[in-house]
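Student: I have a protein model open and I'd like to learn how to read it. Can we go through a few features together?

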Amino acid sequence: MLGDRLETYRDRARRMLTQAFRTEHTPRQVAASFSIGVFVTALPTGGIGVGLFFVFVSLWPWISKPAIFASVAVLNPFVKPVVYVASYQVGGTVLGTAPLLSSDISSETARTAVRQLIVGNLLVAVALAGIGYLLLLRLTLAHRRRRGARSDPSDSSA
């Protein structure tokens, strides 16, 4: 069951990215669109992020709709908990706060945990967005080179 769900997300991301590779957008626009999507999706927006995608698409015509929405399939519900745990850890390291292992939950402990999560999440989101940009730029260029090589007839007989 879990494997089927993961396969569904993988297939959806693959379809959307392939569609993005084939759009009239430049490779940098496709990569930037995906990168923006990854950044927003990595944040704890509670679903508001997807609504932001519609705003971005309507405001900026250079945004690749398939690329920005593919980020939701990549950072799916199975991946998001890992992002949040990593964010919490990164935030604790950056802020120099000790791990919160006590069973005594006070308002100060909660504020520290939230601060740690937000700082770490911003850093993780920036890192994932940067990695996503570089990866999508390379994938888009490679896809278009392969597609161009397949569609251009060879002139070796001339």
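Student: Let's start with Gln116. Is Gln116 buried or exposed?

Tutor: Keep in mind that this is a predicted model. A residue is called buried when its relative accessible area is under 20%. Gln116 has a relative accessible area of 2%, so Gln116 is buried.

Student: Which helix is Gln116 found in?

Tutor: Look along helix H6, and you'll find Gln116 there.

Student: And what does the side chain of Gln116 reach?

Tutor: Follow the side chain and you get to the backbone oxygen of Tyr88, at 3.1 Å. For a polar contact, the N or O atoms have to be within 3.5 Å.

Student: Which residues lie nearest the centre of the largest pocket?

Tutor: Those are Leu17, Phe34, Val74, Leu135 and Leu136, out of 15 residues that line the largest pocket. Sorted by class, the lining has twelve nonpolar residues, two polar ones and one charged one.

Student: Which helices supply at least two residues each to that lining?

Tutor: Helix H1 (2–21), helix H2 (27–42) and helix H6 (107–151) each do. H6 gives the largest share of the lining, with six residues.

Student: What about the second largest pocket, how much space lies in there?

Tutor: About 170 Å³. This second largest pocket is lined by 15 residues, and the closest to its centre are Thr41, Val50, Val72, Leu75 and Lys80. The classes in this lining are eight nonpolar, five polar and two charged residues.

Student: And which helix provides the largest share of the lining of the second largest pocket?

Tutor: That's H3, with three residues. H1, H2 and helix H3 (48–59) each supply at least two residues to this lining.

Student: Last one: which residues does UniProt list for "transmembrane region"?

Tutor: The UniProt record, an unreviewed entry, lists residues 30–63 and 117–137. To read such spans, check the helix content and how far apart the ends lie. Residues 117–137 are 100% helix and 0% strand, with end C-alpha atoms 29 Å apart. For residues 30–63, the end C-alpha atoms lie 7 Å apart, and that span is 74% helix and 0% strand.

How values were computed
Residues are numbered from 1 along each chain as its sequence is written. This is a predicted model: local features need pLDDT of at least 70, side-chain atom pairs count only at pLDDT 80 or more; totals for chains, interfaces and linings use all residues. Side-chain values use heavy atoms; hydrogens and water are left out. On a 1 Å grid over the protein atoms alone, a cavity is a set of points where a 1.4 Å probe fits but cannot get out, and a pocket is an open set with protein on both sides within 12 Å along at least five of seven lines; lining residues have an atom within 4 Å of a point. Helices (H or I, at least four residues) and strands (E, at least two) are DSSP runs, numbered from the N terminus. Ala, Val, Leu, Ile, Met, Phe, Trp, Tyr, Cys and Pro count as nonpolar, Asp, Glu, Lys and Arg as charged, and the others, Gly among them, as polar. Grid points are joined across faces, edges and corners, and a volume is the space filled by probe spheres set on the points. Buried means under 20% relative accessible area, exposed over 50%, partly exposed in between (1.4 Å probe, protein chains only). A polar contact is a pair of N or O atoms within 3.5 Å; within protein, one must be able to donate a hydrogen and the other to accept it, and residues adjacent in sequence count only if both atoms are side-chain atoms. UniProt positions are given in the numbering used here, feature names are shortened, and annotations may be inferred rather than shown by experiment.
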